[in-house]
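Hello,

I am handing over the structure below, followed by notes on what was found in it. Please read the notes with the model open.

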Amino acid sequence: MIFLAEQLHQTGADLRNALVLMGSEVPFPFQTVRSTVSTFGIPEHISAAMPDLESLGIASRLASLQGYAGCYQGYVTDLAKQWLYGCNAMQLLQTEIFACGPEPMLKAAAKIAAQFSLPCQLC
């Protein structure tokens, strides 16, 4: 996901509405930061973000069941669903899901994409 974000950034793509959601049940392999990139539909207390994406101006939020500070307390797919429920029809038309991770998470991501009739690429 980081590579995709960097590539899109390098092409000059408009990433003002991009949102990267990441989940982990082991400590994240980076020092999390409090996000300074605003995004609609995510409660303010869910503020943990990835520094590399923040530096590109791309909103990111983190999820975990492990109680990490600033993270959504649940699965990343639940956070994605919560965000998608807050989108209007025009926002959904501009939304595409890209996901990588373990097979159960990818199956959940595909199910969400189907539920919201969104294009989806899984790895």
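The accessible surface of the protein is about 7400 Å², and carbon and sulfur atoms account for 57% of that surface. Accessible areas here come from the Shrake-Rupley method with a 1.4 Å probe, and for residues only the protein chains shown count as cover. This is a predicted model, in which local features need pLDDT of at least 70 and side-chain atom pairs count only at pLDDT 80 or more, while totals for chains, interfaces and linings use all residues. Residues are numbered from 1 along each chain as its sequence is written, and side-chain values use heavy atoms, with hydrogens and water left out.

Overall layout

The protein has 5 helices and 7 strands. These are DSSP runs numbered from the N terminus, with helices (H or I) of at least four residues and strands (E) of at least two. Along the sequence the pattern is α-β-β-β-α-β-β-α-α-β-α-β. The radius of gyration is 14 Å, close to the 14 Å that the globule rule gives for 123 residues, so the protein is as compact as a globular protein of that length. That radius is taken over C-alpha atoms, and the rule is 2.2 Å times the number of residues to the power 0.38. The C-alpha atoms fill a box of roughly 35 × 35 × 25 Å along the principal axes.

Of the 123 residues, 37% are buried. Buried means under 20% relative accessible area, exposed means over 50%, and partly exposed lies in between (1.4 Å probe, protein chains only). Contact means heavy atoms within 4.5 Å. Among contacts between residues at least 6 apart in sequence, 47% join residues at least 24 apart.

Cysteines

How many disulfides does a search of the whole structure find? The search finds 0, where a disulfide is a pair of cysteine sulfur atoms within 2.5 Å. For Cys 87, the closest cysteine sulfur is in Cys 120 at 15 Å, which is too far for a bond. Cys 123 is in no disulfide either, and the nearest cysteine sulfur to its own, that of Cys 100, is 6.1 Å away. Cys 87 is buried, at a relative accessible area of 11%, whereas Cys 123 is exposed, at 70%.

Two residues in strands

Ser 60 is in strand E4, which covers residues 59-64. Ser 60 is buried, with a relative accessible area of 0%. Leaving aside neighbours within four places in sequence, Ser 60 is in contact with residues including Leu 19, Val 20, Ala 48, Met 50 and Leu 53. Leu 19 is 41 residues from Ser 60 in sequence, and their C-alpha atoms are 5.5 Å apart.

Val 20 is in strand E1 (residues 19-23) and is buried as well, with a relative accessible area of 12%. Not counting residues up to four places away in sequence, Val 20 touches Leu 53, Ile 58, Ala 59, Ser 60 and Arg 61. Between Val 20 and Ala 99 there are 79 residues of separation along the chain and 9.7 Å between C-alpha atoms.

Helix H4

Helix H4 covers residues 89-93 and includes Leu 93. Leu 93 is exposed, with a relative accessible area of 71%. The C-alpha atom of Leu 93 is 9.8 Å from that of Phe 116, 23 residues away along the chain.

Gln 91 also lies in helix H4. Gln 91 is partly exposed, at a relative accessible area of 24%. Not counting residues up to four places away in sequence, Gln 91 touches Phe 40 and Gly 86. Gln 91 and Leu 8 are 83 residues apart in sequence, with 19 Å between their C-alpha atoms.

A backbone detail

Where is Ser 117? Ser 117 is in the loop between helix H5 (103-115) and strand E7 (120-122). Phi of Ser 117 is near 55 degrees, a positive value in a residue other than glycine. Most residues other than glycine have a negative phi. Ser 117 is exposed, with a relative accessible area of 65%.

Regards
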